[in-house]
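Please read the following report alongside the sequence and the coordinates.

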Amino acid sequence: MPTRQPPRAPAARSRSPRGADATVPFDFQSDSLGYAIRRAQVRAYELFFEMVATPELSPARVTALSIISMEPDISQATLAKRLDVAGPSVLKLVDALEDAGLISRADVAGDRRRYSLVLTATGRKKLAALQASLAEYEARLAAGLTASERAQLKALLQRVAAAG
């Protein structure tokens, strides 16, 4: 009499079930606000460096010059707050602008620990010379938008930035 074999387990599937170890397609680019903002930032920086930047003027430095021009005698700490950067970062920025002869540090009367930042004559000339190229940069950056769309995009991006 033949011996009886125990029942066999069902054959394993050749495809792994969807789970922790399965690769699930995920299209991060198509529906990601963060990715879209990053792509726009890359485009803005490429265009800025093509049209405006010089060895001593990065986007951060141009922004700092603009702030210093609008707020005479601004302190370094206030500039850091306006730029939303840490103290060591703003120190490097201020040092670079001072080394380029675009700003100077001035003593604050009555406070030997503080100083204010002021544009030099060279800094004022540089900022005035940049105005035309910055206007052209802004026009090219927003070339695909109407004036209303540009304003709406700026407002929406400000809301996104403020939500953090």
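The model is predicted. It contains an open sheet of three strands, arranged in the order S1-S3-S2 with antiparallel pairing. Strands S1 (74-75) and S2 (103-108) stand at the edges, and because each has a single partner strand, one side of each is left without a neighbour in the sheet. Helix H2 (residues 59-70) lies across S1, S2 and S3, and runs at about 105° to S3.

Helix H2 also takes part in the lining of the largest pocket, as one of the elements that give two or more residues to it. About 1,500 Å³ of space lies in this pocket. Of the 36 residues that line the pocket, Ala44, Tyr45, Tyr137, Glu138 and Leu141 are the closest to its centre. Helices H1 (33-51), H3 (76-83), H4 (87-99), H5 (121-141) and H6 (147-162) likewise each give two or more residues to the lining, with H1 supplying the largest share, nine residues.

The table gives the lining by residue class.

| Class in the lining of the largest pocket | Residues |
|---|---|
| Nonpolar | 24 residues |
| Polar | six residues |

Terms used: Residues are numbered from 1 along each chain as its sequence is written. This is a predicted model: local features need pLDDT of at least 70, side-chain atom pairs count only at pLDDT 80 or more; totals for chains, interfaces and linings use all residues. Side-chain values use heavy atoms; hydrogens and water are left out. Two strands pair if DSSP finds at least two bridges between them. Helices (H or I, at least four residues) and strands (E, at least two) are DSSP runs, numbered from the N terminus. Contact means heavy atoms within 4.5 Å. Axes are lines fitted to C-alpha atoms, for helices over the stretch in contact, and angles run from 0 to 180 degrees between N-to-C directions. On a 1 Å grid over the protein atoms alone, a cavity is a set of points where a 1.4 Å probe fits but cannot get out, and a pocket is an open set with protein on both sides within 12 Å along at least five of seven lines; lining residues have an atom within 4 Å of a point. Grid points are joined across faces, edges and corners, and a volume is the space filled by probe spheres set on the points. Ala, Val, Leu, Ile, Met, Phe, Trp, Tyr, Cys and Pro count as nonpolar, Asp, Glu, Lys and Arg as charged, and the others, Gly among them, as polar.
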